[in-house]
Amino acid sequence: MSAADLTVLRSPRRRRDATLLTVGLFAAIAAAMLPVFSVIAPGAWVAGAVLVAGGALGAGLIVRLSRLPAVLASVAELVVWIVLLTAIFGRTTAILLVIPTPSTFASVPGLIAQASAEIRDGVAPVPPDEGLAFLLVAAIGALAIVLDHVVLTARMPLLAGVGLVAVSLIPTIAIPSDVDIASFVLLAAALLFLLRIDTRARAAAPPRRDGRSPDPSPRRLFGVSATALGVAAVAVIVAVVATPLLPQPGLRFASGGTGGLGTTINPNLELGNDLRQPRDVEVLTVRTTGPTAPYLRAVTLSRFDGAVWQPDSFDTVAVPPSGAVFDRVGVDGDITLADWTTTVTVDQLDSPWLPVPYPASTVTGLNGDWLGMPQNRTVVTRAGSTREQVYEVQANVPRPTLEQIRSKTVGGTDLDPALTALPADVPAVIGDTAREVTANAQTPYDKLVTLQNWFRSSQFRYSLDAPVDAGFDGAGLDAVAQFLQVRAGYCVHYASAFAVMARTLGIPARIVIGYLPGTASSLPQQGGTEYTVTSSQLHSWPEVYFEGIGWVPFEPTNSLGVPTNFASGSTGGNNTAPNTPNQDAETPADQPSTAPSTATENDPGAQTTGGGSVTARQSTAWVAPVLGVLALLLLAGVPAAVRMVLRRRRLAAARAGDPVAAWTAMLEDVVDLGIPVSSALSPRAFAALLVEEQGAPADDVDLLRDAVERVSYAGDSLDPARGPALVSAVAGVRAALEGRATALRRVLARAYPRSLVVRPGAVGAVERESVSR
């Protein structure tokens, strides 16, 4: 710690400023941590984090107020950090509960491994056990120590603010969601408070002749307002413009072991943010012996509490090397089964849920440990990932005729009651609409097809934006009721509405998350046609259980996928599996005549793919990148704009006759050009150094030095008459120094001025306080 720093801390006001900086930093850290609650459930670890961070900051403040070297503050903070962590998590192996032993340190790797497992396997918000709690508390305490050094030792609160803003945005990036406005406002207020206290400590006004402290003047405050303007601009741009453009992976139940970035499957029907991403990437390719590309299902959701559809979690069995994980599909004897082979090659998909066609019987070629759920024929891993997997799936697909499926009943005595369960407070519009639409249908199948075609008719439209604008980007009962009113939404709304309405009719239904059929990427060849599936084809659809057939998928989403139809056995048409195209399929007589027979008729803008149609979701994808580029350009220009405002304010004060403003403006120009400015040097010493070593004009430098010495030591009042000369001297020094600097240095000085972060110090202020005492 320099002599100047010790002098500063001997001042009661400076000690108060150091205390306020510590308190402000603690508040800023707390505000930055609030968004973490969306990822990690609050609990006892919060109290531990408060204790460790507050204890470390308090220890550093006590050392500084004791006028000890700054390095001892960091040492004291580290000691307190270790002691408190030991007291919270290592008491059983510590001496006197707080002094760590070798056994205490040996337990740390185990805690970190436990935390890694909790993060990998947990569902957000994750309730932390001991391992994750230790990692959180230790990390927040370490962050407090680092930022304490940045704010109070290095005196760079703006740099600390950038770090805290980045930390606060991590949960928003990890889990797609809106920026937490309340916590962001609290963080901004805490950062502005830090900047205000730091600037006041650096630029104290001269004492009055009667010894009393002067009243705050605009000259003392304009630096804070300019800096605050810059911080506010950056915060608004990052929170409102830049953050929504960042890649936002969906919520994961487990972490892939192969590393890298890619898309994933969100098992919680929160697909809106995934589908609205401007960048469409290839996630996998499919080669099949079937007539068309299959739907690929990954997760089923059967339990519905009125607000959330819960992913199914049934008993699992290990996938054997032979791949025969599921029994052959059991259907009535008169139902035809088709055996199709599908080969899937995964690229940019990093998920624990394996996309497979339904109904799979064998899955071969997988690397790692995979588990099958026989009750819904899905495959999942606890520790691996789908990334770079190449596997082959054998599927036994029931192919009933139209007459056969019309004759079947839905449900069964062995079926889980949860598949028909609904809360008691279902909005009346849902059941009333279901009964009204299906009033003329005679069989369960006819009711379901009528309902499917009603959703796919011109009365509805596909939209990724309408639900957001209306404020119901979800799948609960309220969202379904509003969707039936607005009649615009995406697959989540169609699937949830179909399933809930089917249940109001006593029909067992669930929802599936997976991928639409891909786009044919090659000509038919041996082994089947190859199809490409992209991230924009992430999809959800409903399924209904028919006795003697099994689960039959339907496609209510307007303009997407392939509507379910079956060929009549009496016409000699081919039997059609669910969700496969059949242009010759016979439509039940009781279907609404206005319902289009194909997706293309529903949506003229739809583009045909290898098994159906997919709306051109990316038709306006260029908007987001352009806005992103404009935002980045605007962000890049913020430092220069802030510096320009700051300099104009300083020169305006200098033109009014303020020598301190003129001297500070010159110092900031010097810092911008990369010339070091030491707060330990008096104005006279620094002026001599500037003339002798940097080639600054002696007349201009002497004029500024004399003026600041007069106001600092003699207490001269402001003289507007000398203002133009002060401004001219500042301009002369700047021009001379720029003339000696390289072209690159001049560009950096204007575009990214260092004085916004590296403050030149208030040399006159330090000298004044020493003399006044």
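**Notebook: strands, helices and cores in a predicted model**

I began with strand β14 (residues 519-520), which runs antiparallel to β15 and is joined to β15 by two bridges. Strands here (E, at least two residues) and helices (H or I, at least four) are DSSP runs, numbered from the N terminus. Two strands pair if DSSP finds at least two bridges between them. I noted that this is a predicted model, in which local features need pLDDT of at least 70 and side-chain atom pairs count only at pLDDT 80 or more, while totals for chains, interfaces and linings use all residues. Residues are numbered from 1 along each chain as its sequence is written, and side-chain values use heavy atoms, with hydrogens and water left out.

**Around β15**

I looked up which residue of β15 stands opposite alanine 520. It is tyrosine 531. I then turned to strand β1 (residues 282-288), which pairs with β15 in the antiparallel sense over six bridges. There, leucine 284 has valine 533 of β15 as its bridge partner. Strand β15 covers residues 529-534, and five of its six residues are buried. Buried means under 20% relative accessible area, exposed means over 50%, and partly exposed lies in between (1.4 Å probe, protein chains only).

**The five-stranded sheet**

I traced an open sheet of five strands in the order β3-β2-β13-β16-β17, with antiparallel pairing. β3 (309-311) and β17 stand at the edges with a single partner strand each, so one side of each has no neighbour in the sheet. From one strand to the next the twist averages 40 degrees. Angles run from 0 to 180 degrees between N-to-C directions, and axes are lines fitted to C-alpha atoms, for helices over the stretch in contact.

Inside this sheet I checked two pairings. Strand β2 (residues 296-304) and strand β13 (residues 509-515) run antiparallel and are joined by five bridges. Arginine 297 has glycine 514 in β13 as its bridge partner. Strand β16 (residues 538-546) and strand β17 (residues 550-553) are antiparallel too, over four bridges. In β17, glycine 550 is the bridge partner of phenylalanine 546. The hairpin of β16 and β17 has three residues between the strands, and glycine 548 takes a positive phi near 85 degrees there.

I also found that α17 lies across β2, β3, β13 and β16, at about 15 degrees to β16.

**The cores**

Which residues of the largest nonpolar core touch the most other members? I listed Ile265, Tyr391, Phe455, Val544, Phe546 and Phe554, out of 81 residues. α17 gives the most to this core, with ten residues. Another core, of 44 residues, lies apart from it and has among its members Ile29, Ile40, Leu57 and Ala115. A nonpolar core is a set of buried Ala, Val, Leu, Ile, Met, Phe, Trp, Tyr and Cys residues joined through side-chain atoms within 4.5 Å.

**One side of α13**

In helix α13 (residues 428-437) I marked Ile430, Gly431, Thr433, Ala434 and Val437 as buried. They cover an arc of only 165 degrees around the axis, and therefore sit on the same side of α13. The arc is that of the directions from the helix axis to the C-beta atoms. Ala428 and Glu436, on the other side of α13, are exposed. The cover over the buried residues of α13 includes α14 (444-455), α16 (477-486) and α17 (491-504).

**Two single residues**

I looked at threonine 557, in the loop between β17 and α18 (599-602). Threonine 557 is buried, at a relative accessible area of 0%. Neighbours within four places in sequence aside, threonine 557 is in contact (heavy atoms within 4.5 Å) with Arg456, Tyr462, Cys491, Tyr494, His539 and Ser540.

Glycine 131 lies in helix α7 (residues 130-153) and counts as buried at 0% relative accessibility. With neighbours within four places in sequence again left aside, glycine 131 is in contact with Leu111, Gln114, Ala115 and Glu118.

**A helix pair**

Last, I took helix α20 (residues 659-672) and helix α23 (residues 723-740), whose axes come within 10 Å and cross at roughly 10 degrees. That makes α20 roughly parallel to α23. Angles under 35 degrees count as roughly parallel, over 145 as roughly antiparallel, 65 to 115 as roughly perpendicular and the rest as oblique. Where they meet, I noted Pro659, Ala662, Ala665, Met666, Asp669 and Val670 in α20, and Leu726, Val730, Val733, Arg734 and Leu737 in α23.
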